[in-house]
Amino acid sequence: MRAHGQLLLVATLLLSPPLWAQRSGDGQERSGNRQESSRDGQERSSDGQEHNGDAQESWPDRLALGGDEPRVWQLDTTAGPQALDDRLHTPLGSVWKLFVYSYLLATDQPEQPLRCEGRQPQEESYCCDPGESINREQALIRSCGLYFAPQRLGLQANAWRHYWQSRQAPSWLSDLTQLNEAQSVSVRSLLHALALIPDRVQAQTRTTLGAVMLQGRGKGGVGALGMLVRAKTFTLPTNTQGSLKGNIIGGGAGWSDNGTPLWFSGRGPSPQVIQRLAPRMADILLQQPALTVRNRSEERRVGKECLRL
């Protein structure tokens, strides 16, 4: 197992009062400024399926890893990895909040706490109680979409576009109007976008997302995964024909412990997906070559040791 030297972080997170505070009784993430489904309850994404010309009737458990040669595993089989097909798409889900969070850090935006006033009780239930406030770290952990709403934060479309285009980001990420939970993106482009986040920002984001795995929606898989995965989770209903119609898919996107971009998904809300996929994901991640940790303040090699809780 990999040694990542974060015993202190884990102990602190485990002993501190949960930031999650069980805001999401049904285990689903909401976007706040835009629900994960439209007002009439119908999902607005294309379908989150593989775009291979045929209507797919299944959504298998999958894990994809980025890098020079992105690969994908179908986790409900014993098959080995395959080259990542450009036609594999996923709904962006709540992962859009991760990109807003990283942009705020990268551009040194001042903190703009969100105060819950009870005017939008359903959306605020993922943020804070009436009369309380929430900061950006807590908002990412709790999946508080109201906090990250571009209009509330005063994000300028031109500045946003210039920032991401200068990094050769996918077109969907450069356009603020496409940054919503219903947006269908290729998994390859999502992994590429995650790789573009600067080292310093990625390190801080990964630290924040550690609380999701320890205290939030990922805690059901922490026994197998430990801190191998730092991901922003998503859960949303499907609006497709066939066996998926009326079902829910969940998953997450972020990084492994050594900074490799990853995406995973399967049927069911994200807590169930993580718990079900955790053992197989851990086995795969532990077999990956050691990489240099991207946090330059503690540059070192990651070995085969990793904390398993």
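## Before we start

A quick term first: contact here means heavy atoms within 4.5 Å. Also keep in mind that this is a predicted model.

## The overall picture

The protein chain has 309 residues, and 56% of them count as buried. Its secondary structure comes to twelve helices and ten strands.

Now for the contacts with a separation of 6 or more: 67% of these are between residues 24 or more positions apart.

Let's zoom in on helix α7, residues 157-165, where the buried residues are W160, Y163 and W164. They cover an arc of only 90 degrees around the axis, so they sit on the same side of α7. Among the elements covering them are α2 (96-106) and α8 (171-174).

## Two disulfides

The chain has two disulfides. One joins C116 to C128, with an S to S distance of 2.0 Å. C116 is in the loop between β5 (114-115) and α3 (121-124), and C128 in the loop between α3 and β6 (133-134), so the bond ties together parts twelve residues apart in sequence. Both C116 and C128 are buried.

The other links C127 and C144. The torsion about its S-S bond is about 90 degrees, so this disulfide is right-handed. C127 and C144 are buried too. Number the bonded cysteines in sequence order and the pairing reads 1-3, 2-4.

Terms used:
Residues numbered from 1 in each chain as written. Predicted model: local features only at pLDDT ≥ 70, side-chain atom pairs only at ≥ 80, totals over all residues. Heavy atoms only, no water. Buried < 20%, exposed > 50% of the residue type's maximum accessible area, 1.4 Å probe, protein only. Helix = DSSP H or I, 4+ residues; strand = E, 2+ residues; numbered from the N terminus. Arc of directions from axis to C-beta. Disulfide = S-S within 2.5 Å.
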